[in-house]
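The briefing is arranged by topic.

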Amino acid sequence: MAGRFTPRPTRTTVRGGEAAMPTSVPHPATAPAVPHPATAPRTRTWVPGAPTDLGLVLGPLRRGPADPAFRITSDGSVWRAARTPQGPGTLRVAQRGEAVQAEAWGPGADWLLSQLPSLMGALDDPAAFEPRHRIVAHAQHHRPGLRLTRTGLVLESLIPSILEQKVTTDEAYRAWRLLLHTYGTPAPGPTGPLRLRVMPDPRTWSLIPSWEWHRAGVDNKRASTILRAVKVARRLEEAAAMNPPEARARLELVPGIGPWTSAETVQRSNGAADAVTTGDLHLPGIVGYALAGNRDADDAEMLRLLAPYEEQGQRHRAARLILLSGRTPARRQPKMRRTNIANW
């Protein structure tokens, strides 16, 4: 019954990286059996040193509720398909008590398991964050399991971020979904019922014909930016090992990748706690409204309000907690109109 009264995530909190998890998870002994392939999965158990919320940590990696590379199942597991430096792999992560249990399949299994602690926020330091506003302190108190993930993979966050430029999230999610179903590869392991897909490799991205971009609703500007990025994929992937400012500088060398896209990428690939997103249509107004009652705030005003967190290197965390608080100005005009260029 308790699950019935759990507040559902709003669109704002979902944008803050809150992936809804099942309210009641079966005990491991009675959890639904998962069919295993002939080759047994690699496994790893890791115990975090602090409270960790699986949905909050991995939620930012999901690109919409039907993301072909990300699934949440009824037993409380998160399934994730990724293209690693060692090849495609599938990772299944479940929280059982204080432990995080993981299984992995495919050529990239060992790499995914080796990255499990950083993926779950082990390299994040929430202790460095000190709330300076009541609403931020309140959100932090109610989200003790928030950790910033670090995937160590750049393209898998960069490409969907490019798709999200200048369009509604629904349009971007649709494009990501169609492109992965058409050009991605089936994820290794027992993923048939989930229809998990591993995103295409750089060469496959570069061979997508122009009419397929159009059919997915991706205009020439965004498609061209992706094509320029995959041509230097190896150099961009090196940014995962850099500090966030250097990583962003490298990404922004590619024409079409600006501060908005680089911030959205390194927040996920590098766990960048200070990479606040500028150039966003809604975020300045949300932050301005939450901290100062100013729904018309611009980027400059947002950065001024977040300045107390700059010296901590925690502006992105503060902005994300504001999003997770759900405090957002009431809509006073229609949403941005959806357009589908495939109909033109």
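Predicted model: local features only at pLDDT ≥ 70, side-chain atom pairs only at ≥ 80, totals over all residues.

The largest nonpolar core comprises 34 residues, and a second, separate core has 22. Helix α17, spanning residues 315–325, is mostly covered.

**Largest nonpolar core**
- The members that touch the most other members are Leu 158, Leu 179, Trp 205, Trp 213, Val 218, Ile 226 and Leu 236.
- Two or more residues of this core come from each of α6 (155–163), α7 (169–183), α10 (220–231), α11 (233–237), α12 (244–251) and α13 (259–269).
- The greatest contribution is that of α6, which supplies 5 residues.
- Leaving aside residues up to four places away in sequence, Leu 179 touches Leu 163, Gly 184, Trp 205, Ile 208, Trp 213, Ala 216 and Val 218.

**Second core**
- Among the 22 residues of the second, separate core are Val 136, Val 287, Leu 291 and Ala 318.
- Ala 318 is also one of the buried residues of α17.

**Helix α17**
- Of the 11 residues in this helix, 10 are buried.
- After α17 comes Gly 326, which has a positive phi near 80 degrees.

**Leu 323**
- Leu 323 belongs to helix α17.
- Leu 323 counts as buried because its relative accessibility is 8%, and the cut-off for buried is under 20%.
- Between Leu 323 and Glu 18 the C-alpha to C-alpha distance is 9.5 Å, although 305 residues separate them in sequence.

How values were computed
Residues numbered from 1 in each chain as written. Heavy atoms only, no water. Buried < 20%, exposed > 50% of the residue type's maximum accessible area, 1.4 Å probe, protein only. Helix = DSSP H or I, 4+ residues; strand = E, 2+ residues; numbered from the N terminus. Core = buried A, V, L, I, M, F, W, Y, C linked by side-chain atoms within 4.5 Å. Contact = heavy atoms within 4.5 Å.
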